[in-house]
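Here's a quick briefing to read alongside the structure. Have a look at the picture first, then go through the points below.

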Amino acid sequence: MALIFSGDLAADDDDLEYKVKAGYLYNFTKFITWPETNSPTFNLCILGDDPFGATIDPIEKKSAFSRSIRILRLDEAVFLSGPDLTSNCHILYVSNTNNQKIVFEKIRANPHKDGILVVGETEAFVAEGGMIGFVNRDSKIKLQINLDSAKQAGIKISAKLLEVAELIKEESHD
């Protein structure tokens, strides 16, 4: 288990952080259960500025749940102005360049949000409504998980993944 979720970073490799995060995103498919969908592909969506670049592209050669993985890069302005989240994202990655508060409001207001795992990378991401957050602690990528938020979206996270994460409660967003 430790090898699957190893998040050590070397200070001299800027790309390594996003290689580790890309590895986590792929491995989530092994430890998370999504509601059934009719989608022919398993879609990993990156919202706004793409911090991964070509680093994440090899994931498209893999599969999840007997479906090819497809990476979709979503324009934040189009996402926020659109009527719904019908791009069939299974994982929605929200980078730290996005306006998270507005993104979360859009997701909460959307009737099609069930089955979308919302993942981000800021220290407050999970407490503000995200489901899984990557945080950098002592040059290691650590996971924070908001289990209530995931359950509300119909997503089940395995005990093995929960063992390696810090569980965070969502702050009130009244």
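A disulfide here is a pair of cysteine sulfur atoms within 2.5 Å. By that rule, the count comes to one disulfide. Keep in mind that this is a predicted model, where local features need pLDDT of at least 70, side-chain atom pairs count only at pLDDT 80 or more, and totals for chains, interfaces and linings use all residues. Residues are numbered from 1 along each chain as its sequence is written, and side-chain values use heavy atoms, with hydrogens and water left out.

**The disulfide**
- Cysteine 45 and cysteine 89 are joined, with 2.1 Å from S to S.
- Their link is left-handed, at -100° about the S-S bond.
- The pair ties together distant parts of the chain, 44 residues apart: cysteine 45 sits in strand β2 (residues 41-47), and cysteine 89 in the loop between α2 (76-81) and β5 (91-94).
- Cysteine 45 counts as buried because its relative accessibility is 0%, and cysteine 89 is buried too, at 7%; buried means under 20% relative accessible area with a 1.4 Å probe, protein chains only.

**The chain as a whole**
- You'll find five helices and ten strands; these are DSSP runs, with helices being H or I of at least four residues and strands E of at least two, numbered from the N terminus.
- Of the 174 residues in the chain, 47% are buried.
- Among contacts (heavy atoms within 4.5 Å) with a separation of 6 or more, 61% are between residues 24 or more positions apart.

Methods: Buried < 20%, exposed > 50% of the residue type's maximum accessible area, 1.4 Å probe, protein only.
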